[in-house]
Amino acid sequence: EHLTVQGFRSFSAPQTWLPGAKGPGLYHLTGRNEVEPALEANGAGKSSIFESVFWALYGKTSRGLRAGAVQCWLPRAPKCCVTLDFCHHGKCYSLTRTWSPNTLSLLDVDTTSKTPPLPRPIDQAELDQIIGIGPEAFLQAVYFAQFTPAFVDLAPADRLAMFSEVLRLERWEKAAAHAAAQAKETELVR
């Protein structure tokens with residue numbers, strides 16, 4: 001829904017991006033490197049936008065970089081902070097992750113409380129439950145990072161594990177076991 005980035009990789013001053021402002025669809029993201037014009041669109045921060053979303057959700061970049069490795073490399077850059085507003089399963093949230101100090105907070109935007117909601121600290125495990133998809137599956141289904149192997153290049157076992165995670169096959173296995181137990185119990189009652 002909207003993303004605000006500051007002090008992350010090539011972003012020093014706060015920048016806000018509204019990806020869905022024009023509605024759903026396919027968007028082409030391009031840039032212009034004004035610091036080194038000879039590089040044209042290279043180094044303009046296009047990848048950093050997507051990496052900031054991944055870092056906000058998982059606390060690392062697609063290449064596994066964490067903590068100080070994501071801090072803006074420009075002099076006197078502000079504290080690294082990414083705020084991601086998103087909706088998932090009909091609920092809307094505002095997620096903020098910072099570095100130095102490391103914080104992770106979530107604001108449940110859909111609260112029915114009479115007092116304005118406040119962000120609350122959460123841990124990665126709780127966030128993973130809300131997201132419902134792990135970082136590796138996210139890299140295959142949502143964000144195709146530059147150096148991430150394509151799904152078709154994965155080993156068959158890795159592809160199967162990815163399908164299982166994305167489709168949440170363990171949920172169906174539990175449901176089948178529960179149905180079998182119920183059927184057996186019904187037969188005993190007859």
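This is a predicted model: local features need pLDDT of at least 70, side-chain atom pairs count only at pLDDT 80 or more; totals for chains, interfaces and linings use all residues.
Figure 1. To find P78, look in the loop between α1 (46–58) and β3 (80–88). Which residues does P78 touch, leaving aside those up to four places away in sequence? They are Q6, G7, S12 and Q71. I122 makes a handy landmark for distance: P78 and I122 are 44 residues apart in sequence, and their C-alpha atoms are 23 Å apart in space.

**Figure 2. The salt bridge between D108 and K91.** Here the closest N and O atoms of D108 and K91 are 3.0 Å apart. D108 belongs to strand β5 (residues 103–108) and K91 to strand β4 (residues 91–99), so this pair ties together parts that are 17 residues apart in sequence. Are these two residues buried or partly exposed? D108 has 25% relative accessibility and therefore counts as partly exposed. K91, with a relative accessible area of 34%, is partly exposed as well.

**Figure 3. The salt bridge between R32 and E34.** R32 and E34 form a salt bridge in which the closest N and O atoms are 3.2 Å apart. R32 counts as exposed because its relative accessibility is 64%, and E34 counts as exposed at 60%. Both values lie over the 50% cut-off for that label.

**Figure 4. The salt bridge between E126 and R120.** In this view the side chains of E126 and R120 meet, with 2.6 Å from N to O. E126 has 28% relative accessibility, so E126 counts as partly exposed. R120 is partly exposed too, at 37%. How many salt bridges does the count come to? The count is 3.

**Figure 5. Helix α4 and the residue just after it.** Helix α4 runs over residues 156–167, which makes 12 residues. From its first C-alpha to its last, α4 reaches 16 Å, close to the 16 Å expected at 1.5 Å a residue. Have a look at the spot just after α4: there R168 takes a positive phi of about 55°.

Figure 6. F163, V166, L167, L169 and W172 make a nonpolar surface patch of about 480 Å². Which helix gives the most to this patch? That is α4, with 3 residues. Both α4 and α5 (169–189) supply at least two residues each. W172 counts as exposed, because its relative accessibility is 54%.

**Figure 7. Stepping back to the protein chain.** The chain has 5 helices and 6 strands, and their order along the sequence is β-β-α-β-β-β-β-α-α-α-α. Its C-alpha trace spans about 80 × 50 × 35 Å along the principal axes. The radius of gyration is 21 Å, whereas a compact globule of 190 residues would have one near 16 Å. Buried residues make up 30% of the 190 residues. The chain exposes about 12,700 Å², with carbon and sulfur atoms supplying 59% of that area. Of the contacts with a separation of 6 or more, 47% come from residues 24 or more positions apart.

Terms used. Residues are numbered from 1 along each chain as its sequence is written. Side-chain values use heavy atoms; hydrogens and water are left out. Helices (H or I, at least four residues) and strands (E, at least two) are DSSP runs, numbered from the N terminus. The expected span of a helix is 1.5 Å times one less than its number of residues. Patches are made of residues with over 30% relative accessible area and no salt bridge: like charges are joined within 9 Å, nonpolar side chains (Val, Leu, Ile, Met, Phe, Trp, Tyr) within 5 Å. Accessible areas come from the Shrake-Rupley method with a 1.4 Å probe; for residues, only the protein chains shown count as cover. A salt bridge is a side-chain nitrogen of Lys or Arg within 4 Å of a carboxyl oxygen of Asp or Glu. Buried means under 20% relative accessible area, exposed over 50%, partly exposed in between (1.4 Å probe, protein chains only). Contact means heavy atoms within 4.5 Å. The radius of gyration is taken over C-alpha atoms; the globule rule is 2.2 Å times the number of residues to the power 0.38.
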